[in-house]
Amino acid sequence: MPAVSTTSLVGSFTQEAFNTHLARVSHLPAWWLDRKRAAYGRFVALPMPKRTDEGWRFSNLSTLTLDGFEVGRAVPGTASSSALPAAASLTYLNNRATARTGDVPAGVIFDTLQNALLKHGDLVKAHLLAQPSKLGSDKFAALHEAFLEDGAFIYVPKGFEVTEPLAVYHQAEGPGSAVFPHTLVVAEDNAKVTVADFFASTVGGVLRPDGSSGHFACGGNDLYAGHGASVSYIALQDWSRDTLSFQFNATVARRDAKVLSLNVHLGARQARHESFSQLQAPGAHSEMLALTVAQGAQEFDQRTLQIHQAPNTSSNLLYKNALLDQAKTIFSGLIVVDPDAQKTDAYQSNRNLMLSDEAEANSLPGLEIQANDVRCTHGATSARIDAEQEFYLESRGIKPAHAQELLVFGFFEEVLGKIENEALHDALAAIIRNKFKK
Amino acid sequence: MSQLVIHDLHISIGDKTIVKGFTLTIKQGEVHAIMGPNGTGKSTLAKAIAGHPDYTITSGEVLLDGGSVLAMEPDERARAGLFLAFQYPSEIPGVSIANFLRAAVQARMTEGEELDATGYYKRLYAKMDMLKIDRKFTSRSVNEGFSGGEKKRCEILQMAMLEPKIALMDETDSGLDIDALRIVADGVNAQRKSAAAPGIMLITHYQRLLDYIVPDFVHVMHDGRIVKSGDKSLALELEAKGYDWVKQEFAAANA
């Protein structure tokens with residue numbers, strides 16, 4: 001039965017499904033449609049990940065499937081758009097833009113990707129999915145590009161500062177719905193912006209993270225920071241607990257640019273996140289942060305790459321996981337320092353807080369240094385709640401359950417504390433707190 | 001008036017007995033200094049009474065207002081009115097002093113009772129001012145990166161906020177310079193004068209602290225029990241003659 005092999009390679013994302021999708025975006029520029037066709041070709045040709053692939057070590061491949069999904073259909077409702085404090089927001093439901101709020105300063109663009117493709121094609125072309133997939137998910141990255149229908153485009157011109165955060169809500173609804181969210185952030189020289197992506201499941205357009213059916217989410221973001229620019233990107237992944245999720249990040253930092261990306265992972269049954277930072281010119285800095293609350297039988301698979309391509313660049317990665325129940329996390333990180341990237345200062349740390357004896361945390365930190373005058377440090381730790389700290393809190397009359405909660409939130413705060421915007425910090429902390437209590 | 005009765009207490013770590021028949025009654029408002037050389041079981045005594053899981057009370061009794069605390073968890077003992085000022089307070093990254101103390105205050109409220117946030121901060125700031133702690137400290141993580149003096153002042157701040165019936169103060173003077181010592185002592189003395197003055201067990205190596213916190217009683221501890229008791233003049237005598245004097249006297253009496 002030759003049909004079997006075809007199904008396993010493309011699953012629900014058949015040529016017919018792709019043609020239907022293409023028909024829906026036929027009004028978009030030809031170069032983009034050509035790229036999508038090429039991407040679909042790669043998706044079809046590339047094999048599914050194998051146990052022996054280095055980029056998939058420790059991952060559960062038996063539950064990675066392309067079957068049983070359907071490109072998300074239009075559903076009624078406009079979904080919530082107030083979970084995060086923001087000056088302006090865009091909301092997507094099953095790949096369709098459904099709502100927008102607020103305004104941005106003149107000159108700044110905060111629009112749908114479709115509108116941007118039509119009005120600012122050259123800008124989009126230069127930055128949209130312009131970086132290679134290097135961390136193992138070429139097939140899924142190709143699928144993302146092929147089926148990407150709409151997303152958010154944020155463009156901040158030279159010297160502009162957007163002080164309040166811009167929020168993008170990517171939402172999925174309905175059993176088996178496949179969504180392909182994307183956020184593209186371009187900050188030109190000396191520009192400054194904070195963008196928050198929020199991924200969640202809805203029922204009737206209302207946020208229902210735990211009461212919703214499972215989805216297939218395959219999303220990406222591109223962050224570009226020009227000379228002296230500052231980009232803060234915060235993503236909160238809270239898909240329903242039966243979702244299979246992929247997220248791909250590509251960050252480019254130019255001379256003296258600073259990029260902070262913070263990914264909070266709460267939802268999905270199996271979630272893979274790949275983050276790739278390129279420090280392209282002297283003075284560039286990338287702060288790569290992640291917080292994960294892994295519970296039940298959830299699996300979070302995080303793969304990172306920090307490439308230092310120029311002298312005097314720095315990067316700081318801190319990925320923290322709290323593991324409960326039978327949850328599993330994988331962290332695999334690589335720092336690469338190119339031969340002429342002298343005076344690189346790179347740091348990579350994965351810290352796991354084990355809150356259950358049955359949980360499993362895997363760490364694979366790595367270095368590949370080709371320059372001789374650099375400072376690179378990496379490390380991974382897994383520890384339980386510190387008994388002395390817990391006794392200290394309890395000796396003040398705080399009940400054990402509350403003491404443990406305080407310590408877990410203390411563990412997270414080291415990362416959350418890096419968010420400069422206080423309202424955004426508090427909103428994220430509240431959402432995580434709520435999740436943790438379930 | 002509250003009191004803590006410690007009767008013939010024996011405490012071990014693993015299979016090693018550290019405290020061997022310690023007996024003392026501390027009434028609210030009294031300050032009992034416990035002095036003695038290293039390794040005589042002073043810190044063990046304080047931590048075990050607070051319920052530290054590493055220590056086993058093998059026999060004896062600890063009664064707070066007539067009720068045994070030995071079957072209680074550490075948090076229950078604290079809510080019943082015991083307070084341990086740590087010799088080495090833990091650093092708690094990511095937990096601010098304000099949140100930590102609020103959790104401790106809230107733990108003492110009845111179910112459904114709301115914390116009066118305005119009143120709480122007013123009280124907190126007043127105590128901080130008294131202890132010359134910068135108000136910015138409220139948003140700092142508990143003890144993280146604090147100097148020795150800051151840690152000890154933070155302990156006294158907690159004691160002032162929680163108003164225990166009985167406070168066990170373990171080497172509160174260690175690591176303090178004279179200025180810090182004076183601030184800490186002023187903080188303790190202010191609590192002694194208040195209506196809710198706790199009974200204090202003040203564990204120390206040195207006479208120095210007792211110049212600032214004048215004890216009502218001084219007890220010398222050796223080999224896990226009290227071997228000599230007196231008033232504040234005993235501390236001065238110890239300062240002059242050293243602990244060997246007490247040890248010899250004890251050995252002679254038991255020969």
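**Figure 1. Contact between helices α7(A) and α8(A) in the predicted model.** From α7(A), Gln389(A), Glu390(A), Leu393(A) and Glu394(A) meet Pro400(A), Ala403(A), Gln404(A), Leu406(A) and Leu407(A) of α8(A). By class, five nonpolar, two polar and two charged residues form this contact; Ala, Val, Leu, Ile, Met, Phe, Trp, Tyr, Cys and Pro count as nonpolar, Asp, Glu, Lys and Arg as charged, and the others, Gly among them, as polar. Two residues are in contact if their C-beta atoms, placed from the backbone, lie within 7 Å. Helices (H or I, at least four residues) and strands (E, at least two) are DSSP runs, numbered from the N terminus. Residues are numbered from 1 along each chain as its sequence is written, chains are lettered from A and ligands numbered from 1 in the order in which they are written. In this predicted model, local features need pLDDT of at least 70 and side-chain atom pairs count only at pLDDT 80 or more, whereas totals for chains, interfaces and linings use all residues.

**Figure 2. Crossing geometry of α7(A) and α8(A).** The axes of α7 (residues 387-394) and α8 (residues 400-416) of chain A come within 9 Å and cross at roughly 125°. Axes are lines fitted to C-alpha atoms, for helices over the stretch in contact, and angles run from 0 to 180 degrees between N-to-C directions. The angle makes α7(A) oblique to α8(A), given that angles under 35 degrees count as roughly parallel, over 145 as roughly antiparallel, 65 to 115 as roughly perpendicular and the rest as oblique.

**Figure 3. Surroundings of helix α6(A).** Nine of the ten residues of α6 (residues 138-147) of chain A are buried, among them Phe140(A), Leu143(A), His144(A) and Phe147(A). A residue is buried if 20 or more other C-beta atoms lie within 10 Å of its own, C-beta atoms being placed from the backbone. The buried residues of α6(A) pack against helices α2 (15-24) and α3 (30-45), and against strands β1 (70-71), β11 (216-225) and β13 (244-253), of chain A. In chain A as a whole, buried residues make up 52% of the 438 residues.

**Figure 4. Contact of chain B with chain A.** Chain B contributes 22 residues and chain A contributes 19 residues. On the side of chain B that touches chain A, the elements giving two or more residues are α2 (74-80), β7 (92-96), α3 (97-107) and α5 (148-162) of chain B. The residues of this side divide into 15 nonpolar, four polar and three charged.

Methods
A residue is buried if 20 or more other C-beta atoms lie within 10 Å of its own, exposed if 12 or fewer, and partly exposed in between; C-beta atoms are placed from the backbone.
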